[in-house]
Amino acid sequence: MTKENDYEYMRRTLERLAAEGNLRRIPRLTHDGRHVTAEGRRMLNLSSNDYLGLAADTDLRSEFLGTLTPETFIPSSSSSRLLTGNFPVHDELEAELARLYGREAALVTGCGYHANTGILPAVADADTLVLADKLVHASLIDGLKLGTARYLRYRHNDLNHLERMLHEYAPTRKRTLIVTESIFSMDGDEAPLGQLAALKRRYPGTLLYVDEAHAFGLRGKRGLGCAEEQGVIPDIDFLVGTFGKAAASEGAFVVCGRTARELLVNRMRPFIFTTALPPVSVAWTLFVLRRLVRMERRRKRLATLSDRVHQALHAREVPDLSSSHIIPILVGESSEAVLKAGALQRHGFYVLPVRPPTVPVGTSRLRLSLRADLTDEETASLIKHLQDL
């Protein structure tokens, strides 16, 4: 067998992706608050996760900068937390999270991907059965693949299917872990957390893992997520959230029991082997978090705008399974999704196509990430151009 020329298989892969309409390139962007400029066109950014508009809030940034001194502006932790990278502000943030959620402990990590790819292999061993929703995020799937637990996927939000799997397969393992998102990142719909919690209670030895990445800061009276909104925080054994979306920062966290946190500190590889978040970044997160719980007006504004767009889509009988601020416009073929995204961009809305492998083949879509700082006029214009697609 003749070996391929160096990189030839890479070139062929890229050519195939281009032919399928799935080739990605890093965009060249300049940022100006709520807007981005790409290829000379200034557009309202509807593709970020800045759902509350906090990342674009210069007043908030100015207030935080006023709290810093050369001594407190520490741009790097220079080490993992188990070496010399742990600073008092890391402990302070975790204590604040545990207090807000009414749980024993919290652990902060580098990002949501690190959280999901680290926690699952650490807590789900070969004696564990994991039952995960079919549409959970890629980071959760990767976390399952990295571990030794047996995992199966139940049909999306199908509790009857989940219960049949619990009844059939749970007795074959010492413990079971149900894994779901609360708001699903690509479809924008929600998991029935109350029913999942009830199901967990019916099956002893079952734990519940919920990724609240797209709900943290946005749902519940204090913005603690769908678990707060549905009154099930005590029922969730591992509640994961991220700071890089509505909280306008970086990093992620899990709230859990004290024993679980201790296990993670000792077994969670992305936590053990990664340089800790910079203290100045953690200080900013804590600064935002203490204000986030009082931002009910922004949360209500986002909910109002989301309802307005949903109602307009329903009126035009556009398929819309979402119940949140994440609104996918299903298109089908990747090439068509690229064209429709380009049309919205020409009208001043930076909306991007979502294509395989992020979503299944044949379900390429436009993904609208609505934001609380949209004006009524901007929302009306967006609705008009969506209806004209």
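This is a predicted model: local features need pLDDT of at least 70, side-chain atom pairs count only at pLDDT 80 or more; totals for chains, interfaces and linings use all residues.
1. Ground rules. Local features need pLDDT of at least 70 and side-chain atom pairs count only at pLDDT 80 or more, while totals for chains, interfaces and linings use all residues. Numbering runs from 1 along each chain as its sequence is written, and side-chain values use heavy atoms, with hydrogens and water left out.

2. Salt bridges overall. Counting a side-chain nitrogen of Lys or Arg within 4 Å of a carboxyl oxygen of Asp or Glu, you get 30 salt bridges.

3. Arg261 and Glu94. Their side chains meet in a salt bridge at 2.8 Å, N to O. This one links distant parts of the chain, with Arg261 in helix H9 (residues 258–267) and Glu94 in helix H3, 167 residues apart; helices here are DSSP runs of H or I, at least four residues, and strands are runs of E, at least two, both numbered from the N terminus. Glu94 is buried at 5% relative accessibility, whereas Arg261 is partly exposed at 23% (buried is under 20% relative accessible area, exposed over 50%, partly exposed in between, with a 1.4 Å probe and protein chains only).

4. Lys200 and Asp237. Here the N to O distance is 2.9 Å. Lys200 sits in helix H7 (residues 193–202) and Asp237 in the loop between helix H8 (226–229) and strand E9 (238–242), so parts 37 residues apart in sequence are tied together. Lys200 counts as buried, at 14% relative accessibility.

5. Lys174 and Asp127. The closest N and O atoms of this salt bridge are 3.8 Å apart. Lys174 is exposed at 65%, and Asp127 is partly exposed at 32%.

6. The second largest pocket. Its volume is about 260 Å³, taken as the space filled by probe spheres on grid points joined across faces, edges and corners. A pocket is an open set of points on a 1 Å grid where a 1.4 Å probe fits, with protein on both sides within 12 Å along at least five of seven lines; lining residues have an atom within 4 Å of a point. Of 14 lining residues, Leu68, Thr72, Val89, Pro279 and Ala283 lie nearest the centre. Helix H11 (279–292) and helix H3 (88–101) each supply at least two, and H11 gives the most, with five.

7. Tyr7. This residue is in the segment before helix H1 (8–20) and is exposed, at 53% relative accessibility.
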